[in-house]
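Here is a short briefing on a two-chain model. Look over the sequence and the structure, then read on.

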Amino acid sequence: MKKTFLLALTPLLFTNCSVDRYEGDERIIIEGKVVYNNVPLNNVQVDVYPVYNKPINTSITEVHYNDLNFDYNHNSISKSFTDNSGNLSFSIPRSEDTNVYVVKISRGYDTKYYGYISKYNSSNYYLNLGTLIF
Amino acid sequence: MKKIIFLVLFISNFTCNAQENTNPNISFAKSFQFTFGFANLATNKSMMGEAHDVAFPSVTGRLGIFHYNKFSVGLNASVHSMDVKNTQYYSYFEDTQALAIGPYISYYQPISEKSLLEPYISYDYVNYYSNYNDKKLHSESDGLGLGIDYQYKIVGMAYITFGLKYSFNKMRTETHPNWEKYMNNYTFMSAKVGFTFSKNRL
């Protein structure tokens with residue numbers, strides 16, 4: 001009987017694990033700029049993904065897709081666009097599972113990832129990514 | 001829907017049969033209100049206000065528990081759902097459900113033989129639940145509500161009710177000090193229509 005009960009609960013366990021949960025009790029503000037050949041890129045899509053990588057330093061550099069450990073759902077937590085001057089500005093709530101994120105810049109079919117946003121390089125809930133060269 | 005109708009009938013029946021105190025100035029559970037309407041109207045420039053569309057329907061219930069003369073103290077609760085229209089600062093979600101509950105205090109003033117005004121002030125503790133593609137976001141806020149209801153007696157203890165409320169909410173979010181005001185200060189207006197069941201008012 002006990003085994004049957006535990007077996008019946010197993011699907012519930014998997015269902016619960018597949019949801020990305022966020023809490024609005026903390027929000028990090030992220031700002032920066034995207035350029036291409038020293039020209040600001042306007043209206044390019046900026047997504048943010050939670051990842052399970054361990055940052056080795058605090059600098060923001062381009063990272064390769066194959067090196068990223070996304071979660072099961074691979075869901076973007078933030079979606080925004082750069083303004084006319086190529087500036088990006090958004091906020092992300094606290095993930096219950098990880099505190100490391102990467103930024104994905106999409107221009108047409110070209111995409112590049114930049115990382116990592118983490119507690120090591122954000123100060124007082126703020127991080128300036130600097131200029132991201134696309 | 002059946003459950004909602006049953007709940008409304010139960011509470012209005014409960015209100016009808018509420019205990020009458022020997023002191024005519026004091027009574028208990030003499031008033032109940034149930035309304036539908038809009039919320040998140042006339043929002044301020046804030047993360048929550050700019051991120052969300054107008055909420056419809058907004059369902060509100062209010063139960064007066066303690067009454068002294070024309071004053072009432074009780075509990076009010078509401079639920080509304082709103083689409084996320086701007087994901088820039090709020091994050092990438094599709095819709096948000098807001099569940100509010102808290103105490104209120106009101107004072108009614110008859111303005112004619114069949115109608116009255118009832119201004120009130122409330123504390124609203126709100127939980128927000130946003131969803132999209134296997135993602136969930138939970139947030140909380142504390143709010144002060146200032147509202148006024150116009151009630152017109154239609155029959156017995158039933159009044160048709162029109163109301164407006166302005167809510168001043170403070171999100172429970174830690175963020176950078178320069179952004180604190182934009183992220184946390186959230187104000188909006190609600191408009192509602194429905195019924196109030198009250199004894200011995202007009």
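A residue is buried if 20 or more other C-beta atoms lie within 10 Å of its own, exposed if 12 or fewer, and partly exposed in between, with C-beta atoms placed from the backbone. This is a predicted model: local features need pLDDT of at least 70, side-chain atom pairs count only at pLDDT 80 or more, and totals for chains, interfaces and linings use all residues. Residues are numbered from 1 along each chain as its sequence is written, and chains are lettered from A and ligands numbered from 1 in the order in which they are written.

**Contact between the chains**

- Across the interface, 25 residues of chain A are in contact with 20 residues of chain B; contact means that the C-beta atoms of two residues, placed from the backbone, lie within 7 Å.
- On the side of chain A that touches chain B, strands S1 (20–36), S5 (78–81) and S6 (87–95) of chain A each supply at least two residues. Strands (E, at least two residues) are DSSP runs, numbered from the N terminus.
- S1(A) gives the most to this side, with 9 residues.
- By residue class, the side of chain A that touches chain B has 9 nonpolar, 9 polar and 7 charged residues. Nonpolar covers Ala, Val, Leu, Ile, Met, Phe, Trp, Tyr, Cys and Pro; charged covers Asp, Glu, Lys and Arg; the others, Gly among them, are polar.

**Strand pairing across the chains**

- S1(A) pairs with strand S7 (residues 135–155) of chain B in the parallel sense, over 4 bridges. Two strands pair if DSSP finds at least two bridges between them.
- A:Glu23 has B:His138 in S7(B) as its bridge partner.

**Cis peptide bonds**

- In chain A, the bond from A:Gly115 to A:Tyr116 is cis, with omega near -5 degrees. A:Tyr116 sits in strand S8 (residues 110–117) of chain A.
- In chain B, a cis peptide bond joins B:Phe56 and B:Pro57, with omega about -5 degrees. B:Pro57 belongs to strand S2 (residues 55–68) of chain B.

**Positive phi outside glycine**

- A:Asn38 is not a glycine, yet its phi is positive, about 65 degrees. A:Asn38 is in the loop between S1 and strand S2 (39–40) of chain A. A:Asn38 counts as exposed because it has 7 C-beta neighbours inside 10 Å.
- B:Asn69 also is not a glycine and has a positive phi, about 50 degrees. The loop between S2 and strand S3 (71–83) of chain B holds B:Asn69. With 11 other C-beta atoms within 10 Å, B:Asn69 is exposed.
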